[in-house]
Amino acid sequence: MDYKNLTTRSVSSLILLIFFFILINLSNLYISFLFIVAYSIILYEIIFFFKNKNLKFIFLYLYLLISFISSEIYLFYFFEKNIFIYFVILIIIFDSFSYLIGSLFGKKKLIPKISPNKTYLGLFGGLIITFIISFIINYFFEIYNFIHFIIFTLIIIISSFIGDLIESLFKRISNIDNSSNLIPGHGGVFDRLDGFIMSIIFILIFNIYI
C-alpha cells in the first residue's frame, strides 16, 4: 500500500470536508453553486482529459446531465441538511473503507478489466462497515424507520459502486489513471465524485417514491 498517497488523500479529504460543512451551513444557494461548479469541472475533465471521440461517450455526457438535473431537483424540492450530510458521509465511508480494506487485505480482483484495483474483500468490507455506521447514525438521530434505513443504505452503496465502475470503464477506454490531477491523492473531481454522480439520481427517486 502507498502510505504517502494515503496520507495525501486523507489530508485532501479533510480539507474538502471542512469546505463542504462550511458551505452547507450557509445557504442552499451555496450548495447549488457548488453543484454547478463541480459538474462544470467534471465536464471539463471529460472533454480535455478523456479520449472522448468514441460514440460511447454520448452515454457519459447524458449520464452527467441526468445527474446534474437530479441534483438540482433534489436540492430545490427534497433537500434536508441533516439527511444530505448523512447521505454524503455514507458515500465517503463506503468509498474510504472499500479503498482501505481492498488496498491492505484484498487479493482477489473483482472486475480487473474495468477497475483493476477493486477487490471482493474491499467491496464487502466497505459494505459491512457502511451498514454498521449507517445503523448507528440512524439509531441515534432517528432519520428513517428500519425498512427505509435498509433501502436508503443499499441505494447509496449500490449506486455509489456503479458510479465508480462507470467512471472506471471510461478511464479504461481512454487509457488514463485519473480524470485529472486537480485533487492531491484523489486525481480529479470526477474521481472524487464518481459515486455521488450516480447516487444523487437514486436518492432523488427514493425521495419521490418513499
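Is Lys171 buried or exposed? I looked it up and found Lys171 buried, at a relative accessible area of 8%. I take buried as under 20% relative accessible area, exposed as over 50%, and partly exposed as in between (1.4 Å probe, protein chains only).

**Ground rules**

I am working on a predicted model, in which local features need pLDDT of at least 70 and side-chain atom pairs count only at pLDDT 80 or more, while totals for chains, interfaces and linings use all residues. Residues are numbered from 1 along each chain as its sequence is written, and side-chain values use heavy atoms, with hydrogens and water left out.

**Overall fold**

I counted 7 helices and 2 strands in the chain. Both are DSSP runs numbered from the N terminus: helices are H or I with at least four residues, strands are E with at least two. In sequence order the pattern reads α-α-α-α-β-β-α-α-α.

I then checked the dimensions. The C-alpha trace spans about 45 × 35 × 30 Å along its principal axes. The radius of gyration is 17 Å, which agrees with the value near 17 Å for a compact globule of 210 residues. That radius is taken over C-alpha atoms, and the globule rule is 2.2 Å times the number of residues to the power 0.38.

Of the 210 residues, 46% count as buried. The chain exposes about 11600 Å², and carbon and sulfur atoms supply 71% of that area. Accessible areas come from the Shrake-Rupley method with a 1.4 Å probe; for residues, only the protein chains shown count as cover.

I also looked at contacts, meaning heavy atoms within 4.5 Å. Among contacts with a separation of 6 or more, 73% are between residues 24 or more positions apart.

**Helix α6**

Helix α6 runs over residues 146-174, which makes 29 residues. From first C-alpha to last it reaches 42 Å, close to the 42 Å expected at 1.5 Å a residue. The expected span is 1.5 Å times one less than the number of residues.

I checked both ends. At the start, a side-chain oxygen of Asn145 comes to within 3.2 Å of the backbone nitrogen of Ile147. After the helix comes Asn175, with a positive phi near 60°.

**Salt bridges**

How many salt bridges does a search of the whole structure find? It finds 4. The criterion is a side-chain nitrogen of Lys or Arg within 4 Å of a carboxyl oxygen of Asp or Glu.

I started with Asp95 and Arg192, whose closest N and O atoms are 2.6 Å apart. Asp95 lies in helix α4 and Arg192 in helix α7 (residues 189-209), so this pair ties together parts 97 residues apart in sequence. Both residues are buried, with Asp95 at a relative accessible area of 15%. Outside its sequence neighbours up to four places away, Asp95 touches Arg9, Asp164 and Arg192.

Asp164 lies in helix α6 and Lys118 in strand β2 (residues 115-119), so parts 46 residues apart in sequence are tied together. Asp164 is buried at 14% relative accessibility. Lys118 is buried at 16%.

Then I returned to Lys171. Asp191 forms a salt bridge with Lys171, the closest N and O atoms being 3.0 Å apart. The pair links distant parts of the chain: Asp191 sits in helix α7 and Lys171 in helix α6, 20 residues apart. Asp191 is buried too, at 11%. Salt bridges that share partners join Glu167, Lys171 and Asp191 into one network.

Not counting residues up to four places away in sequence, Glu167 touches Ser179, Phe190, Asp191 and Asp194.

**Phe131**

My last entry concerns helix α5 (residues 120-141), where Phe131 is found. Phe131 is buried, with a relative accessible area of 18%. Which residues does Phe131 touch, not counting those up to four places away in sequence? I found Phe149, Ile150, Thr153, Leu154 and Ile157. Phe131 and Phe94 are 37 residues apart in sequence and 9.0 Å apart in space, C-alpha to C-alpha.

Technical notes. A polar contact is a pair of N or O atoms within 3.5 Å; within protein, one must be able to donate a hydrogen and the other to accept it, and residues adjacent in sequence count only if both atoms are side-chain atoms.
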